[in-house]
Amino acid sequence: MTDIDIPVSTVRLGADVEESVLAVIRSGTIAQGPVVAALEAGFSRLCDVPHALAVNSGTTALVLALQALGVGPGDEVLTSPFTFAATLNAIIETGATATFVDIDDTYTVDPTLLAAAINPNTRVIMPVHLYGQPADMEAITAAAAHGIAVVEDAAQAHGARFAGRPVGSFGIGCFSLYATKNMTSGEGGIVTTSDDELAERMRILRNQGMQQRYQYVLAGHNYRLTDLQAAVAVPQLATLAAQTERRRANAARLSEGLAQLEGIILPRTAPGRTHVWHQYTVRVTEACRVDRDGLAAGLAERGVGTGVYYPRVVFDYDCYRNHRAVRTAEVPNAARAARQVLSLPVHPHLTDDHLDRIIAAVKEVAGA
Ligand SMILES: *Cc1c(COP(=O)(O)O)cnc(C)c1O
């Protein structure tokens with residue numbers, strides 16, 4: 001078997017990051033301090049919101065957002081069935097019940113199904129901006145108008161926009177800084193909000209429920225990020241736009257090269273949305289010469305790495321199907337996507353030669 005020399009994701013940090021981390025090590029302040037504050041200031045500018053709080057993972061960001069809203073047992077959180085387990089785990093952690101609304105061909109929640117999925121117990125709609133494309137935030141904010149909060153799972157969508165507005169500015173925005181995300185601190189997360197009171201509550205919950213030194217006002221937790229980690233992310237605030245542009249150019253080139261391949265459906269960006277291409281995901285349908293796993297194997301033989309995000313509907317595991325806090329639903333679109341999706345490399349470190357090889361390899365394996 002050939003080695004994969006074009007992996008689906010590559011983490012490459014520069015000399016700017018090395019210097020930034022070294023400065024923190026030498027400063028003697030390695031836990032949450034001024035570098036976390038700098039990251040938060042930069043991220044609030046990116047999302048055009050007054051508050052950004054750094055936390056220690058994207059999962060934590062989701063949990064913190066729900067806790068700050070007071071979500072708990074008896075409440076329902078409506079989300080996408082086609083997402084990473086963290087979305088569901090965060091809901092379960094709060095004691096709330098997770099409910100689901102199927103996706104459309106953008107892989108985000110289908111706005112036409114929203115109204116019917118909402119009931120009097122629905123406290124939060126939690127859309128997932130999957131692969132880097134925003135969900136339909138106009139329909140979601142309209143559906144949430146009656147006392148329902150919006151928590152955006154923007155873990156894959158740093159800098160994406162809907163109708164010109166950044167994700168994370170519609171509801172409480174939850175971002176991940178995990179190693180392979182569009183921006184990283186190794187592990188880490190960010191919560192964004194325009195609501196002063198929510199921001200204050202999240203600041204307190206993040207730090208053991210402490211308002212001032214040994215003044216505990218809420219039962220909290222330790223969700224803090226360190227300056228060591230923030231130092232990895234801060235230099236990326238300045239390079240994110242250029243890196244995203246490279247992802248976009250790579251995606252355009254893949255779509256041009258792969259157009260009109262029988263049975264392969266290319267990713268679609270809905271009008272009014274900017275896609276930041278965390279993943280470039282094709283669908284391998286029944287009309288294709290090979291199935292999804294066949295295409296993945298053929299590409300691997302040619303040195304091209306791929307990923308299946310995600311191989312199953314999020315609740316389609318015994319631990320969730322048998323969980324009393326999970327209300328499963330019929331989600332045929334998500335189920336079909338789980339069988340057909342395949343993500344190709346789109347990351348900013350691809351060369352022209354890599355892109356040509358990816359295109360040639362897909363044509364060889366899946367072409368007529
Ligand atoms: C990565 C991710 C998360 C969780 O982020 P972590 O930083 O890994 O905890 C949540 N939701 C989605 C959609 C993700 O891709």
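Residues are numbered from 1 along each chain as its sequence is written. As the model is predicted, local features need pLDDT of at least 70, side-chain atom pairs count only at pLDDT 80 or more, and totals for chains, interfaces and linings use all residues, while side-chain values use heavy atoms, with hydrogens and water left out.

Two packed helices are described by the angle between their axes and the distance between the axes. Helices here are DSSP runs (H or I, at least four residues), numbered from the N terminus. Axes are lines fitted to C-alpha atoms over the stretch in contact, and angles run from 0 to 180 degrees between N-to-C directions.

Take α2, residues 34–47, and α8, residues 227–257: the angle is about 30 degrees, and the axes lie 8 Å apart. That makes α2 roughly parallel to α8, the term for angles under 35 degrees. Their crossing is left-handed, meaning the near helix is turned anticlockwise from the far one by less than a right angle. Contact (heavy atoms within 4.5 Å) involves, among others, V36, L39 and F43 of α2 and A230, V234 and L237 of α8.

Now α3, residues 58–68, and α7, residues 196–206. Which angle do α3 and α7 make? About 120 degrees, with axes 9 Å apart. L64, A65, Q67 and A68 of α3 meet L198, R201, M202, L205 and R206 of α7.

Methods. Helices (H or I, at least four residues) and strands (E, at least two) are DSSP runs, numbered from the N terminus. Angles under 35 degrees count as roughly parallel, over 145 as roughly antiparallel, 65 to 115 as roughly perpendicular and the rest as oblique.
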